[in-house]
Amino acid sequence: MDYNLKVSSSPHVKTADDTRSIMTDVLVALFFPLAVSVFFFGWRSFTLTLCAVASCVLFEALYCKLLKKPVPVWDMSAAVTGVLFTFTLPASTPYWVVILGGFFAIVIVKQLYGGIGKNFLNPALAARAFVSGFESISAYPLPGRDNYLSLWNLNLPPDAITSATPLALLKSGEPLLPLALNDWQNLFLGQMPGSLGEVSTAILILSGLYLVVRRVISPRIPICFIGTVALFSFFFPRGGLSGEGHMLHSILTGGLMLGAVFMATDYTTSPISKRGQLIFGVGCGLLTVLFRYFSAMPEGVCFAILLMNSLVWVFDKIGHPVRFGKHSKNLLREKEGGASEE
């Protein structure tokens, strides 16, 4: 019977979302942490971010021009990489480190593997790992108007007031009281030394909710990531803190919230299957705890996510949905085989 049906080629589901619209939503969500970092650390936060964005966009355009490829800078992905990379750095970072990191993120991690959608590591985190050996990014200014740094000084001013991050103090066993870091309200709002994008948990949560409402990200990975860190921190406290206190300290400080909301949910470097995303989030959380407890580094979010990025193909293979009717067909064949043998 001919019903004159015509089926076009896939995909059959159309949406107005594209790379540029998604990246624009991410930039909108990143605007609020950027504004908070400017409030806490001064306008140097903004100039560092602007330098990183300009570097990433420029390196992507030059690379594509040299190889005579389409220039994709208008998809805004390079700008997002620049902002996220800067958010992993302290306000005292020299500009040349930001430019060098932008080159590594765009050219080495992203473009050499074929461009957006083909890199297997998060470019911003890979760049952060690349520059982590420079001593010039190991100083974390204290927040506050009295501690604002110069906009154009390429290096940290010798009279700048700096301090160790809360996780560094906890790692060394030093008391947290001198900086009032036992005050969870200060930690939640951002009154602590740290990188530009990690200081205010409250703003990062609001940014994450914005992305969830806009359906840019799924809450599965962030919830599993943060929940795993919270669970292990509660049952295995350290530094003389109670279980509850150590749990709050672990999730409100460091780059956990930034990594869980913006880094671990990257489309290219995270699983696409639901089960794979759950495994990925739990694995990121578990590795973060292990790095914080047993490595020489006070923080472990960056390397935890990068290690899990390299295993995404495994998680997608594990979490790949079973085709409809596959089990029933196998069961039917087994029954038929058994009947024929009888």
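I began with Y293, which I located in helix α12, where helices (H or I, at least four residues) and strands (E, at least two) are DSSP runs numbered from the N terminus. The model is a predicted one, in which local features need pLDDT of at least 70 and side-chain atom pairs count only at pLDDT 80 or more, while totals for chains, interfaces and linings use all residues. Residues are numbered from 1 along each chain as its sequence is written, and side-chain values use heavy atoms, with hydrogens and water left out.

I then looked up the exposure of Y293, and at 22% relative accessibility Y293 counts as partly exposed, given that buried means under 20% relative accessible area, exposed over 50% and partly exposed in between, with a 1.4 Å probe and protein chains only. I also checked Y293 against R238, and found the two 55 residues apart in sequence and 8.9 Å apart in space, C-alpha to C-alpha.

Entry on cavities. Rolling a probe the size of a water molecule over the atoms shows where empty space is left. On a 1 Å grid over the protein atoms alone, a cavity is a set of points where a 1.4 Å probe fits but cannot get out, a pocket is an open set with protein on both sides within 12 Å along at least five of seven lines, and lining residues have an atom within 4 Å of a point. Grid points are joined across faces, edges and corners, and a volume is the space filled by probe spheres set on the points.

How many cavities of 30 Å³ or more does a search of the whole structure find? I noted 2 of them, and the largest cavity holds about 40 Å³ of space. Its lining has 10 residues, of which S233, R238, S250, R292 and Y293 are the closest to its centre. The elements that give two or more residues to this lining are α6 (166–172), α9 (220–235), α10 (243–252) and α12 (274–294), and α12 gives the most, with 3 residues. By class I recorded 5 nonpolar, 3 polar and 2 charged residues in the lining of the largest cavity, where Ala, Val, Leu, Ile, Met, Phe, Trp, Tyr, Cys and Pro count as nonpolar, Asp, Glu, Lys and Arg as charged, and the others, Gly among them, as polar.

For the second largest cavity I noted a volume of about 30 Å³. The residues lining the second largest cavity are P33, V36, L196, G197, V199, S200, I203 and L204, and α1 (19–41) and α8 (201–213) each supply at least two residues of that lining. The lining of the second largest cavity divides into 6 nonpolar and 2 polar residues, with no charged ones.

Entry on α10, one of the elements named for the largest cavity. Is α10 largely enclosed or largely open? I found that 7 of the 10 residues of α10 are buried, so α10 is largely enclosed by the rest of the structure. The buried residues in α10 are G243, G245, H246, H249, S250, I251 and L252, and just after α10 I noted that G254 takes a positive phi of about 75°.

Entry on the second largest pocket. I recorded about 430 Å³ of space in the second largest pocket, and of the 24 residues that line it, the closest to its centre are M23, V80, D266, Y267 and T268. The elements giving two or more residues to the lining of this pocket are α1, α3 (77–87), α5 (123–131) and α11 (256–263), and the lining has 14 nonpolar, 8 polar and 2 charged residues.

Entry on aromatic pairs. I found 12 aromatic pairs in the structure; rings of Phe, Tyr and Trp (its six-membered ring) pair if their centres lie within 6.5 Å, and planes under 30 degrees apart count as stacked, over 60 as edge-to-face and the rest as tilted. Y113 and F120 form an edge-to-face pair, with 5.3 Å centre to centre and 80° between the planes; Y113 is partly exposed at 46% relative accessibility, and F120 is partly exposed at 37%. The rings of F291 and F303 have their centres 6.4 Å apart and their planes at 50°, so this pair is tilted. F291 lies in helix α12 and F303 in helix α13 (residues 301–309), so the pair ties together parts that are 12 residues apart in sequence.
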